[in-house]
Amino acid sequence: MRVIDHLNATGGRTAFSFEILPPLKGNDIGRVYGIIDKLREFDPKYINITSHRSEVQYRELPDGSIIKKKVRKRPGSVAIASAIQNKYGITAVPHIICKGFTRDETEYALIDLNFLGVHDLLLLQGDAKGPDKSTDPKEVNLHASDLQAQVNDFNRGIYADGDPFEANATPFSYGMACYPEKHEAAPNMESDLKYAKMKVDNGASYLVTQMFFDNQKYYDFVERCRKEGINVPIIPGIKPVVFRNQLNVLPRVFRSDIPEPFASELAKCESDEQAKEVGVEWCIEQCRDLIEHGVPSIHFYTLMATESVRRVAREIY
């Protein structure tokens, strides 16, 4: 069952979904299964699997010279998505990103996913940090819109090199990202809304937001989207705070404002454990308010926050 089908079949109930991070290289998939097992009781409709580009490391050799080495620290999302979907029967949604991957590599991933029966995707530009293999648009997708065009072509039976093939019986369905507090590269919200509408007009069946902590910013964003003719589901992305330093780190990294009442309580915390409790309490109230406003789904970012997400879910589902 597709993500959009799940979203359209909630019967007025807010669905539960979450995102997981592939294990570090050298760790087996048991850690991923452990996270899923802790959250299965809340009937997740789909599970997202993040994707990451290679990292660059500089190493000093015995002779004093420096070498640059590309290091891939995590397995790809293709195999993990297939393993999850086959083990649990839950719709798996691998992230497909532009940064760090060529168009050919993206095509190989689409071929493998189709073969494995995974037909839901989340299309993203990806982290800008790290090595770029090329800036030639013939070789790489520079923007999420370019990636979207490649997936659309693949659905129509056109390879990345332009050669035709018999289109797959089940086309890929996909969501894309949106930003209630504006993408960092956008000059203004009007520009950001224009690109959000372009994503939907070109085939995105739903949008999922960057994390936010102020629900009113989400409600205002959705209202503006509707006025622009963006009528697909807009899924709130939520993350409970678990560390004291996230008071400063999250706004800097994700451009997500921390509302003053929440920030004041976090500032009083003398330990990460206290911050975790404050984060859970805020997240519970945030999610209750979202449910009261009839959101079709709440999507949780679980990185280093699985236990907090579990506690929140027990209160609201």
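## Close-up views of a predicted model

**View 1. Glu285 and Arg288 pair up in a salt bridge.** In this predicted model, the closest N and O atoms of Glu285 and Arg288 are 3.0 Å apart, and the two residues form a salt bridge. Both residues belong to helix α10. They are three residues apart there, so about one helical turn separates them. Glu285 is partly exposed, with a relative accessible area of 46%. Arg288 is also partly exposed, at 34%.

View 2. Glu277 is partly exposed, with a relative accessible area of 28%. For Arg311 the value is 33%, and this residue too is partly exposed.

**View 3. Glu184 and Arg255 join two loops.** Their side chains meet in a salt bridge, at 3.1 Å from N to O. Glu184 lies in the loop between β7 and α6. Arg255 lies in the loop between α8 (246-254) and α9 (260-268). The pair therefore ties together parts that are 71 residues apart in sequence. Glu184 is exposed, with a relative accessible area of 51%. Arg255 is partly exposed, at 39%.

View 4. Strand β7 covers residues 173-178. Six of its six residues are buried, so the rest of the structure largely encloses this strand. Strand β6 (residues 120-124) runs parallel to β7, and four bridges join them.

View 5. Strand β8 spans residues 206-209. It runs parallel to β7, and four bridges join the two strands. Gly175 has Tyr206 as its bridge partner in β8. From β7 the chain passes through helix α6 (residues 189-201) and on to β8. This β-α-β crossover is right-handed.

View 6. The closest cysteine sulfur to that of Cys178 is in Cys225. The two sulfurs are 6.2 Å apart, which is too far for a bond. The cut-off for a disulfide is 2.5 Å between sulfur atoms. Cys178 counts as buried, at 2% relative accessibility.

**View 7. Cys98 is another buried cysteine.** Its relative accessibility is 3%, and Cys98 counts as buried. A disulfide is a covalent bond between the sulfur atoms of two cysteines. A search of the whole structure finds zero of them.

Note on methods. Residues are numbered from 1 along each chain as its sequence is written. This is a predicted model: local features need pLDDT of at least 70, side-chain atom pairs count only at pLDDT 80 or more; totals for chains, interfaces and linings use all residues. Side-chain values use heavy atoms; hydrogens and water are left out. Buried means under 20% relative accessible area, exposed over 50%, partly exposed in between (1.4 Å probe, protein chains only). Two strands pair if DSSP finds at least two bridges between them. A crossover is right-handed if, with the strands pointing away from the viewer, the path from the first strand over the helix to the second runs clockwise. A salt bridge is a side-chain nitrogen of Lys or Arg within 4 Å of a carboxyl oxygen of Asp or Glu.
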